[in-house]
Amino acid sequence: MNMQRKGIVLVISAASGTGKTTLVKRLLAEFPRFGYSISCTTRPPRAGEVDGRDYHFLSREEFLRRRDAGYFAEWAEVYGNYYGSPLQPTLDMLARGQDVLFEIDVQGAAQLRLNIPQAQCIFILPPSLPVLEQRLRGRGTDDEEVIRRRLDSAAREIAEAHWFSTWIVNDDLDTAYAELRAAYLAATLAPTLRPGLLRTILAPAG
């Protein structure tokens, strides 16, 4: 018996340099069934970007109107531009049994948890701040000021990790991925996702 379940929302947050993007790409490669919600933004399209495919490009006034109307599951202002994830398309995918993944910061995760309380929130941690600093310096792409700013931001974000239901320490990439994979699969087995399953099993034969 393969009774369809409801979808889950998987929220993954981490400080910059923790390896979140690498882990997310690996998860998406193994489980391509994740749905994708096209975000809205007020920034101008970049070369090659298409409205409705890469983003929904909105005016600032339209974005704020939708925000105030409760249109977004989460939103944020980044460097003067607004970004937001529409709520209803996510709810529609969940109803169809589609899982949805959000790779967002701690503020966005907090908003999303309020709008979709059943969301599974995972925080990827570095082994320590000195190790994180070593990784950031090892990139060789940022100057000293940027590295210090990222470390300060990381400390603030890690201090908010207590709001997340699952912690994964990315000390060894393969181990961290095995834990992320296990957390995702465990979340898909929740009884609330298949409320009619017991009734189906217990129904008289014939």
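**Exercise 1. Classify the packing of helix H1 against helix H7.**

Step 1. Take the axes: those of H1 (residues 20-30) and H7 (residues 173-187) come within 10 Å and cross at roughly 55 degrees. Axes are lines fitted to C-alpha atoms, for helices over the stretch in contact, with angles from 0 to 180 degrees between N-to-C directions. Helices (H or I, at least four residues) and strands (E, at least two) are DSSP runs numbered from the N terminus.

Step 2. Name the angle. H1 is therefore oblique to H7 (under 35 degrees is roughly parallel, over 145 roughly antiparallel, 65 to 115 roughly perpendicular, the rest oblique).

The model is predicted: local features need pLDDT of at least 70, side-chain atom pairs pLDDT 80 or more, while totals for chains, interfaces and linings use all residues. Residues are numbered from 1 along each chain as its sequence is written, and side-chain values use heavy atoms, without hydrogens and water.

**Exercise 2. List the residues that join H1 to H7.**

Step 1. On H1, take Thr22, Leu23, Arg26, Leu27 and Glu30. On H7, they meet Leu173, Asp174, Ala176, Tyr177, Leu180, Arg181 and Tyr184. Contact means heavy atoms within 4.5 Å.

Step 2. Sort them: seven are nonpolar, one is polar and four are charged.

Conventions. Ala, Val, Leu, Ile, Met, Phe, Trp, Tyr, Cys and Pro count as nonpolar, Asp, Glu, Lys and Arg as charged, and the others, Gly among them, as polar.
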